[in-house]
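Open the model in your viewer and switch to a cartoon view. Keep the selection panel at hand for this tour.

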Amino acid sequence: MGITYLEQTMKNHRHNLHSLAELSHVEFKTAKYIRDYLDKLGVEYETLLETATVGIIKGKNPKKTTAFRSDIDALPSPKGAEHLCGHDGHMSILLGLIEYIVENKEKLNDNIVFIFQPAEEDTGGAERLVKAGVLKKYNVDEIYGLHIHPDFEEGYVGCKAGYLMAQNGEFNIDIIGKGGHGAIPQNATDAVLIGADFVTSLQSIISRNINPMEGAVLTIGKISGGTARNIIAEKVRLEGTMRCFNPQVYDEMINRIKAFSKGFEASYNCKVDVELIDGYLSVNNDEKLFDEFVKAIGKEKIVKTSPLMISEDFSFYQREVPGLFFMLGARNEEKGYVNALHNLNFNFNEDILINGLKIYESLLKYKKSIEL
C-alpha cells in the first residue's frame with residue numbers, strides 16, 4: 001500500500017474521530033475506535049488509565065526504542081465536546097504512522113512504541129502514564145510528539161531546541177479581614193482594599209524579582225468578594241495564573257507569592273490563605289534530537305520559533321527521556337484556516353495530515369530505524 005492510500009485513510013480517521021469528540025477521562029468511544037483499528041492491523045497493545053492505549057512494534061535488530069505520542073481528548077463546547085485543538089488530527093497521523101510501519105515491518109530495525117494519551121486538556125494524562133511506568137516498561141529511549149498549529153504556515157514546522165512551551169500553574173488567594181459598615185471603616189479590616197494592594201504588589205514579582213531575560217507572566221484573572229456597596233468586605237478571593245520556562249523562575253514566583261502573603265498579614269492584620277496548583281512542566285526539546293530533526297526534514301521547512309507561553313503535558317515525558325515536540329503548520333489564509341486553537345471556529349486543512357506522516361517517515365529513515 002502506498003502513501004496515497006494512507007493519505008485518504010488518515011482523512012477518514014479524522015472524520016470519524018472528529019465525530020466522536022469526548023472530554024478528558026471519558027474518551028471511551030475514541031479509545032474503542034483506536035483499539036478496533038489496531039486490532040484490524042494486527043497490532044498488540046495494552047489499555048491503561050481506562051482510555052489510554054499503548055503498544056510496541058518490535059524491529060528486527062533494535063538498537064533503540066522510539067516512542068510517538070498523540071493526545072486523544074476534546075474540549076468543552078456548546079455542543080458538549082468538540083475537537084477544537086487538533087487532537088483528532090494528531091490521532092489520525094499516529095494511526096497512519098502505525099499502519100505505515102506495519103506495512104513495512106520487515107524493514108523495521110528499531111522498536112517503535114505508540115502512546116494514545118487521554119486528558120491532555122485537563123489534569124495531565126501524560127504525568128499519570130509516566131507514573132504508571134509506561135516509559136520504563138517499554139524501555140523508551142526517546143519520544144516525539146506534534147501539535148497542529150495555525151500560527152505556522154502549511155508545509156512548515158515550528159520548532160526549536162530548548163524551551164519551546166511554558167510551565168504553568170494556578171493560584172487562589174483568600175484574604176480574610178473584618179467586615180463592617182462603610183461609614184465606620186476604622187472598626188473593620190477592608191479585604192477589598194487589601195486585595196487591590198495585593199494585586200498591584202504581585203506585579204512587582206515579574207518586574208523586580210525575575211531576571212528580565214527570563215520569560216514569565218503572572219495574571220490575576222478574577223476577583224470576587226463583598227456583599228453590598230456600603231458594607232466593608234470581610235473576604236476577597238484572587239484567582240490567578242502564572243507561566244514561565246525555567247523551573248527556578250517558577251519556584252521564585254511561588255516563593256514571592258508566599259512571602260507577600262505573610263507580609264500582608266503583618267501589615268494589615270488580616271489572614272491570607274494561598275492555594276497553589278501546579279500545572280504542566282515546560283516543554284524542553286533535547287538539542288541532539290533537534291539537530292537530527294533539522295537534518296531529517298530539511299532546515300528550509302523549519303521555522304525556529306520563539307518560546308510559546310502555551311503549555312503541554314508532553315513535558316512530563318521529557319523529564320524521563322529525551323524528547324522533541326514540534327508544531328505542524330496549519331495556517332492557510334486562502335482557505336480560511338486561520339482561527340486559533342480552542343476557538344469555536346478552529347479547523348484545519350486535512351491535506352496537512354500527510355505532512356505530519358512524512359515528517360515522521362523522514363525522521364525514522366534518517367535515524368535508520370526503518371530502511372526503505
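The stops below go from a sheet to the helices across it, then to a helix pair. Bear in mind that this is a predicted model.

**Stop 1: the sheet.** Select the strands in the order S1-S2-S6-S3-S7-S18-S8-S17. These 8 strands form an open sheet with mixed pairing. Now pick out its edges: S1 at 46-48 and S17 at 302-304. Each edge strand pairs on one side only. Look along the sheet for the twist, which averages 30° from one strand to the next.

**Stop 2: S7 and S18.** Select residues 142-153 for S7 and 323-331 for S18. The two strands run parallel, joined by 8 bridges. Which residue in S18 is the bridge partner of isoleucine 148? Leucine 328.

**Stop 3: helices across the sheet.** Show H8, residues 287-297. H8 lies across S7, S8 (157-159), S17 and S18, at about 40° to S18. Next, show H10, residues 352-366. H10 runs at about 150° to S18 and lies across S3 (65-71), S6 (111-117), S7, S8 and S18.

**Stop 4: H2 and H3.** Select 28-41 for H2 and 87-103 for H3. Their axes come within 11 Å and cross at roughly 15°. H2 and H3 are therefore roughly parallel to each other. The crossing is right-handed.

From H2, show Thr30, Tyr33, Ile34, Tyr37, Leu38 and Leu41. They meet Met91, Leu95, Ile98, Glu99 and Val102 of H3. Color by class: this contact has 9 nonpolar, 1 polar and 1 charged residues.

Terms used: Residues numbered from 1 in each chain as written. Predicted model: local features only at pLDDT ≥ 70, side-chain atom pairs only at ≥ 80, totals over all residues. Heavy atoms only, no water. Pairing = 2+ DSSP bridges. Helix = DSSP H or I, 4+ residues; strand = E, 2+ residues; numbered from the N terminus. Axes fitted to C-alpha atoms, helices over the stretch in contact; angles between N-to-C directions. Contact = heavy atoms within 4.5 Å. Parallel < 35°, antiparallel > 145°, perpendicular 65-115°, else oblique. Left-handed = near helix turned anticlockwise from the far one by under 90°. Nonpolar A, V, L, I, M, F, W, Y, C, P; charged D, E, K, R; others polar.
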